[in-house]
Amino acid sequence: MSNRYAVILAAGQGTRMKSKLYKVLHPVCGKPMVQHVVDQIKKLNIEEMVTIIGHGAEKVKAQLGETSHYALQEQQLGTAHAVMQAESILAGKEGVTIVVCGDTPLIKSETMEALFNHHEEVNAKATILTAKIADPAGYGRIVRNDHGLVEKIVEHKDATEAEREINEINTGTYCFDNIALFEALKNVSNDNVQGEYYLPDVIEILKKQGEVVSAFQTNDLDETLGVNDRVALAEAERIMRSRINESHMRNGVTIIDPSSTYIESEVTIGQDTVIHPGTILKGNTVIGEDCQIGPHSEIESCQVGDGTVIRQSAAFKSSIGASVNIGPFAHIRPESEIHDEVKVGNFVEIKKAVFGKGSKASHLSYIGDAEVGSGVNIGCGSITVNYDGKNKYLTKIEDDVFIGCNSNLVAPVTVGKGAYVAAGSTITKDVPGMALSIARARQENKENYVEKLNLKK
Ligand code: UD1
Ligand code: MG
């Protein structure tokens, strides 16, 4: 096997996206398109990877990090011109270079591996990954001669009526003999409808020099999708989503209705967990085994332990333990740490709070900026008063505390271990451990008062 190199084209603005965000950074199932491409390339045995950057260069670099070299294409003069920018890094090196467009997020490493192998088997100087598709509009067409051999690629905009009838397209992925590639690039002109230097022209140049040029057809048409506009973006999202759902199901996760379940690329889910309809799992969320998630729950970048139930609720950037019961209609805001066996019931909001093992807030509570110990019971309607309009303060509720219904805990304040707070209290001072604190107006009953005032006739 020869040395392998990769060039990823990611310098274009992506005019057809009509977006402030650079095309290759548009996410597909939560991950930028170009990252999908790079992650697949990383699975191959590649010596060096070069990403061509231009529009949004710094942002693309920040996204991909150290995995790639970068070459700057200051002006986007076309895909051939883009590859030329990698010359200082790759020219003169013996081996095979795969070129992939950063806007083909569905390409798989297996297909690229097969393309490499085919290229080496037939001893070609260039091999195009092609596909036959029903609607080839917009793509470059593969023009073959009478013997069925590839002659050239013609871009849609430059194609004759007859050429537009061809339904074998250039997927935008190719293997080249590295030395031949950089030699041929010097001969590419911009004499075409778009006035651009087209990488596909390298095929015709090599062919005319009598070199072997080959095509490798993939049957997985999904992989060929080049995302140039938002319609294609939604299509890529749909296909990627079904791939992701399928892989979870194959790993032992039950997804009741895959068509209404949205799981981003980096999410992991344990065996025998059931994902109910309308659920969205985002970011680097990790869900344990035997959980029940949804229906209609949104979970972003959370760790969720085994056997936890999250119904009709939203949770963000928090850790949630095992055998926890959340919802329906709970809101777990960032930086919360919910330990095992906790119950967070309906209309409870938790923000930046630790909730110790087995503690409960079953109904209508706001617990923000708080440290709640284990075995605590927070009664219906009780809240932490954490904000004075300027600053946020901490509420500490130690182990085994019982907070009666409809209490206000005005922070900073501590309720000591085992203490009781009577229902309806507004607690402004620390409560010692094991004490009962009552902080409400005393009730007075005025006997026969109604009759005296003659209110009832
Ligand atoms: C390209 C191919 C076409 C193929 C299609 C597959 C050319 C001329 N055409 O067309 O044959 O069917 O992909 O999806 O190559 N880019 C740069 N610098 C540039 C121009 C583009 O880095 O100067 C990058 C873009 O960011 C993009 C990729 O190259 O990631 C492809 O460019 P795009 O404009 O999308 O080409 P297509 O018109 O889709
Ligand atoms: Mg494209």
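**Metal site, ring contacts and backbone features**

The magnesium ion (ligand 2) is coordinated by Asp-103 (OD) and Asn-228 (OD1), at 2.3 Å. Donors are N, O and S atoms within 2.8 Å of the metal (3.2 Å for Na, K and Ca); water is not among the atoms, so sites may look incomplete. Asp-103 lies in the loop between strand E6 (96-101) and helix H5 (109-121), and Asn-228 in the loop between strand E11 (213-217) and helix H9 (230-250), so the pair ties together parts 125 residues apart in sequence. Helices (H or I, at least four residues) and strands (E, at least two) are DSSP runs, numbered from the N terminus. Asp-103 counts as buried, because its relative accessibility is 11%. Asn-228 is partly exposed, at 22%. The classes are buried under 20% relative accessible area, exposed over 50%, and partly exposed in between (1.4 Å probe, protein chains only).

The model is predicted: local features need pLDDT of at least 70, side-chain atom pairs count only at pLDDT 80 or more, and totals for chains, interfaces and linings use all residues. Residues are numbered from 1 along each chain as its sequence is written, chains are lettered from A and ligands numbered from 1 in the order in which they are written, and side-chain values use heavy atoms, with hydrogens and water left out.

Three aromatic pairs are found in the whole structure. Rings of Phe, Tyr and Trp (its six-membered ring) pair if their centres lie within 6.5 Å; planes under 30 degrees apart count as stacked, over 60 as edge-to-face and the rest as tilted. Phe-329 and Phe-347 form a stacked pair, 5.6 Å centre to centre with 10° between the planes. The two residues are 18 apart and link distant parts of the chain. Phe-329 is in the loop between strand E24 (325-326) and strand E25 (331-332), and Phe-347 in strand E27 (residues 343-355). Phe-329 is partly exposed, at 46% relative accessibility. Phi of Phe-347 is near 55°, a positive value in a residue other than glycine.

The loop between E24 and E25 also holds Pro-328. The peptide bond from Gly-327 to Pro-328 is cis, with omega near 0°. Another cis bond runs from Gly-294 to Pro-295, with omega near 5°. Pro-295 lies in the loop between strand E18 (292-293) and strand E19 (298-300).

Charges also sit over rings (NZ of Lys or CZ of Arg within 6 Å of the ring centre and within 35 degrees of the ring normal). The charged end of Arg-4 is placed over Phe-116, 4.1 Å from the ring centre. That of Lys-392 sits over Tyr-387, at 4.9 Å.
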